[in-house]
Amino acid sequence: MNIRGLTHVLYRNTPRNVLQSKIYSPCMLHAFAWTCVMPSEVKSRFLLLYGSQRGQAQSIAEEIADQAAEHGLVADLFCLTNKEKYNLEKETVPVVFVVSTTGDGEPPDTALSFVKTIKEKTLPRNHFARLNYAVLGLGDTNYANFCNCGKTIDGRLQELGAKHFYSTGHADDGVGLEIVVDPWIEGVWEALKKTVAEMATQGQQDTDSGRSLHNTDLSAASQESTGVSGLDVSLGLLKLKDSPAEASELPKSTSEVETRGTQPAPLEASLTQSLLPLSESALNVPALPPPFLRVSLEDAPAQELSGPVLQEHHQEVSISKAVQLTRDDSVKTAIMLELDISGKDIPYHPGDSFDVLCPNNSSEVQRILQRLRLEQQSHHHVQLELKKDTKKKAAQLPGHVPEGCTLLYLLTWCLEIRSVPKKAFLRALVECTEAAPEKRRLQELCSKQGSSDYNRFIRDTSVCLLDLLLAFPSCNPPLSLLVEHLPKLQPRSYSAASSSQRHPGKLHFVFNIVEFPACPERPAARRGLCTGWLSDLVSPVLQPCGTAQGPLAIIGGAAALPKVHVGLRTGSSFRLPSDPTLPVVMVGPGTGVAPFIGFLQQRYSLTSTLTHTHTHTHTHTH
Ligand SMILES: Cc1cc2nc3c(=O)[nH]c(=O)nc-3n(C[C@H](O)[C@H](O)[C@H](O)COP(=O)(O)O)c2cc1C
């Protein structure tokens with residue numbers, strides 16, 4: 001029985017709902033039938049052609065040929081110069097080109113004649129209509145015409161009707177060929193196997209339709225032989241059941257086969273997935289930032305630090321009061337905190353702001369430790385050293401990491417783990433990522449071509465290191481990379497919402513608990529770093545006390561008042577005009593009205609400003 005006959009049997013015996021489900025298309029049945037009748041021990045071949053000046057393209061092509069057997073394929077490997085060995089016009093298998101560029105964007109000597117031939121102006125537009133090919137171009141971005149030979153061959157084959165079966169790779173010797181070459185080779189096998197099968201199916205269809213054109217009797221005989229009776233087809237993949245169908249519903253045209261891509265195209269781009277053209281584009285990725293730190297962990301007994309890294313002007317103060325300003329069903333929870341600054345040197349004025357030193361979220365720290373597989377060493381002491389052979393200019397030990405602090409302390413109080421990773425960090429993460437598609441996506445995100453995806457999926461959604469580690473599970477960076485790339489954990493600043501004249505020894509500030517809802521890039525919702533931490537600090541001591549209009553909760557007795565570290569920010573010029581007769585209009589969004597409360601208390605010695613101002617704000621912001 002021929003392929004078409006077997007396809008027909010499969011088709012007639014496959015339930016309609018299975019066919020309609022798009023899981024098994026008629027086209028697939030056809031391809032499947034082809035694989036059924038193919039002798040399993042015969043390896044599928046493909047043609048592998050290289051053009052090389054100094055041997056790199058040749059050795060990469062040889063490497064591809066060596067790996068082919070592992071994938072059940074065999075490569076016919078030739079240098080482009082050996083034209084008598086191949087015939088692209090008649091080729092019935094996929095063709096892979098590996099070509100470098102030399103001189104000033106010229107083809108290597110061994111590819112010159114091939115390029116000249118395909119550039120021949122007399123060639124018709126459909127000259128290579130049957131050709132399925134992929135190009136791996138080698139070049140160097142330090143030269144003006146990057147990968148020009150690969151691009152020339154690619155462009156001309158397209159003009160002459162050939163089709164890509166796999167995206168073109170442009171590898172840059174300037175940053176390391178392997179950045180593109182390795183993932184390109186890893187991905188080519190799947191595409192090759194599919195294309196080999198599709199071309200074989202196509203070849204068979206062409207043969208069959210050729211036969212039917214020339215011999216109608218043979219066609220009739222073949223249709224007879226496709227009757228179910230007398231055939232015993234048993235397949236594990238498909239559950240066969242009688243279901244009559246017309247032979248005319250079988251795929252007939254070549255376009256049905258050709259329009260199927262080698263991989264299902266994603267519908268939407270995401271943090272981990274790009275769309276065309278980016279997914280097939282050549283990438284300009286930044287140079288790999290040179291590593292400069294050696295980080296070791298020591299299990300030596302030493303005093304463990306606790307609390308933030310303090311500077312001179314930072315002081316520890318108690319939270320003496322907390323008032324929840326909004327009701328539970330409000331869009332945002334607003335809280336006013338009163339700090340007891342009596343006896344401290346914090347000479348603030350309304351219009352000033354001050355820093356609150358907050359730690360990273362402990363569960364995020366734990367999850368990073370887990371991902372780095374360092375949970376067991378969280379209390380080990382971190383030793384930092386500059387790499388002696390580092391190529392980084394003016395490399396320095398990070399000043400924000402205290403000597404000998406523990407790993408837990410480092411991640412809790414020193415590094416901004418929520419910071420949005422810069423492109424250089426993404427570039428460095430590429431090197432620690434195993435899976436080829438993840439590697440490629442990280443390359444895209446740090447590349448020039450992937451800039452808008454970077455903005456959309458990383459910067460605008462405030463994606464942080466942990467989000468990336470979760471989205472790219474085969475990315476396993478060493479601790480040193482985190483210390484090199486994560487910036488110093490910054491304090492968060494708040495405006496004073498009180499006047500020290502009105503509240504001597506006290507400092508008020510107001511904040512909303514910022515919620516970042518879950519999104520595809522960040523599957524778990526999270527709260528603002530400092531506001532989430534502050535609300536956790538006070539919530540155990542908040543006691544409900546609300547009336548319909550008044551505050552809902554207020555901090556309980558003097559016991560167990562939480563402490564925070566703060567520092568006054570100097571140099572503010574945000575002040576009320578000194579002329580008290582001057583009318584002032586104050587406009588601010590939400591908790592942005594905080595400094596105005598201080599101004600009003602200062603000027604009018606108001607006591608109930610907070611609630612009034614808040615009510616007013618509410619009206620305007622919702
Ligand atoms: C003399 C010379 C000229 C080159 N000119 C270019 C060029 O114009 N464009 C480009 O992208 N790469 C250029 N390259 C980089 C090579 O294409 C790249 O190093 C490639 O990996 C070499 O592969 P091969 O050893 O197979 O020739 C040039 C390299 C050399 C040594």
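## A guided tour of the predicted model

Among contacts in the protein chain between residues at least 6 apart in sequence, 77% join residues at least 24 apart; two residues are in contact if their C-beta atoms, placed from the backbone, lie within 7 Å. The model is predicted: local features need pLDDT of at least 70, side-chain atom pairs count only at pLDDT 80 or more, and totals for chains, interfaces and linings use all residues. Residues are numbered from 1 along each chain as its sequence is written.

**The whole chain.** Display the protein chain, which has 19 helices and 18 strands. Helices (H or I, at least four residues) and strands (E, at least two) are DSSP runs, numbered from the N terminus. Of the 622 residues in the chain, 35% are buried. A residue is buried if 20 or more other C-beta atoms lie within 10 Å of its own, exposed if 12 or fewer, and partly exposed in between, with C-beta atoms placed from the backbone.

**The ligand.** Select next the 23 residues around the ligand, of which Q53, R54, S100, G139 and Y143 come nearest. A residue is near a molecule or strand if its C-beta atom, placed from the backbone, lies within 6 Å of it. Helix 4 (56-68) and strand 4 (132-139) each contribute at least two residues to this shell. By class, the shell comprises 7 nonpolar, 12 polar and 4 charged residues. Here Ala, Val, Leu, Ile, Met, Phe, Trp, Tyr, Cys and Pro count as nonpolar, Asp, Glu, Lys and Arg as charged, and the others, Gly among them, as polar.

**Q53.** Centre the view on Q53, in the loop between strand 1 (44-51) and helix 4. Q53 counts as buried because it has 20 C-beta neighbours inside 10 Å. Leaving aside residues up to four places away in sequence, Q53 touches S100, T102, P108 and D109. The C-alpha atoms of Q53 and S100 are separated by 7.1 Å, although these residues stand 47 residues apart along the chain.

The buried residues are F425, L426, R427, A428, L429 and V430. To see the contact, show K423, L426, R427, L429 and V430 of helix 12 with K439, L442, Q443, L445 and C446 of helix 13. These residues divide into 6 nonpolar, 1 polar and 3 charged.

**Backbone features.** Most residues other than glycine have a negative phi, and most peptide bonds are trans. Go to P277, in the loop between helix 9 (254-258) and strand 7 (293-298). The peptide bond from L276 to P277 is cis, with omega near 5°. Continue to A394, in the loop between strand 11 (381-386) and helix 11 (407-414). A394 has a positive phi of about 50° although it is not a glycine, and A394 counts as exposed because it has 5 C-beta neighbours inside 10 Å. Finish at S462, in the loop between helix 14 (451-459) and helix 15 (465-471). S462, not a glycine, has a positive phi of about 50°; with 15 C-beta neighbours inside 10 Å, S462 counts as partly exposed.
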